Amino acid sequence: MQRPDSWQAAFDLIRTRAHERREEPFKLVSGQLSHDYIDGKHAIDNGERLTTVSRAVADLAAAHGIEFDAVGGLTMGADPLAHGIAIVTGAAWFSVRKEQKQRGREQWIEGTRLSPGDRVLLVDDVISTGGSTKKAYDRVLEAGVTVTGVIPMVDRGDVAAELFGGLGVPFAALVSYRDLGIDPVKAV
């Protein structure tokens, strides 16, 4: 699939602001070791950069035929990107808590109130094995929504694409490990 015109500017931000090659390996959330640190939030740390990357994700969704009423994912990795995409598209945003709120409405999902039939795009800044995004997926399904796609800003391997492909959910990373020239994470 051809990349949207907005891709190059987003990739340049991610390559220059998010990717850092380290001498000493560090542990990823998946437990694997890597020399390549990716700080996705640093790439989108102001309005202009957030808009650039959010527009590229929205364009990628459109290129893949992914339509959505709301965009979000597991806090905190998805939050800035979900807000940015909501701004550039007019879609609603939501954030899935890691733990249920213990007061008020005691909800798992903040932001827009998802309803049965809503079409939802799940996003994340950096995805390795897809575990965090799968948690968000499970929570939003409880609201009766349809997850129309998953688009991470950066995909560190092929594991998450296989996970969501097996669930019948379209998956398209804005930037992959191949684009960055880094070693992929493996299934654990």
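**Rings, charges and exposure**

Mentor: In this predicted model, the charged end of Arg 22 sits over the ring of Phe 26, at 5.2 Å from its centre.

Trainee: What makes Arg 139 count as lying over the face of Trp 108?

Mentor: Arg 139 is 3.5 Å from the ring centre of Trp 108, and the distance criterion is within 6 Å.

Trainee: How many aromatic pairs does a search of the whole structure find?

Mentor: The search finds 4 aromatic pairs. In one of them, the centres of Phe 26 and Tyr 37 are 5.5 Å apart and the planes meet at 70°. The limit for the centres is within 6.5 Å and edge-to-face requires over 60 degrees, so this pair is edge-to-face.

Trainee: Why is the pair said to tie together parts of the chain?

Mentor: Phe 26 belongs to strand S1 and Tyr 37 to strand S2, so the pair joins parts that are 11 residues apart in sequence. Strands S1 and S2 pair in the antiparallel sense over 5 bridges.

Trainee: Why is Phe 26 called buried?

Mentor: Its relative accessible area is 16%, and buried means under 20%, so Phe 26 is buried.

Trainee: Why is Tyr 37 called partly exposed?

Mentor: Tyr 37 has a relative accessible area of 27%. This value falls between the 20% and 50% cut-offs, so Tyr 37 is partly exposed.

Trainee: Why does Gly 181 count as exposed?

Mentor: Exposed means over 50%, and Gly 181 has 65% relative accessibility, so the label applies. Gly 181 is placed in the segment after helix H7.

Conventions: Residues numbered from 1 in each chain as written. Predicted model: local features only at pLDDT ≥ 70, side-chain atom pairs only at ≥ 80, totals over all residues. Heavy atoms only, no water. Helix = DSSP H or I, 4+ residues; strand = E, 2+ residues; numbered from the N terminus. Buried < 20%, exposed > 50% of the residue type's maximum accessible area, 1.4 Å probe, protein only. Pairing = 2+ DSSP bridges. Phe/Tyr/Trp six-rings, centres within 6.5 Å; stacked < 30°, edge-to-face > 60°. Lys NZ or Arg CZ within 6 Å of the ring centre and 35° of its normal.
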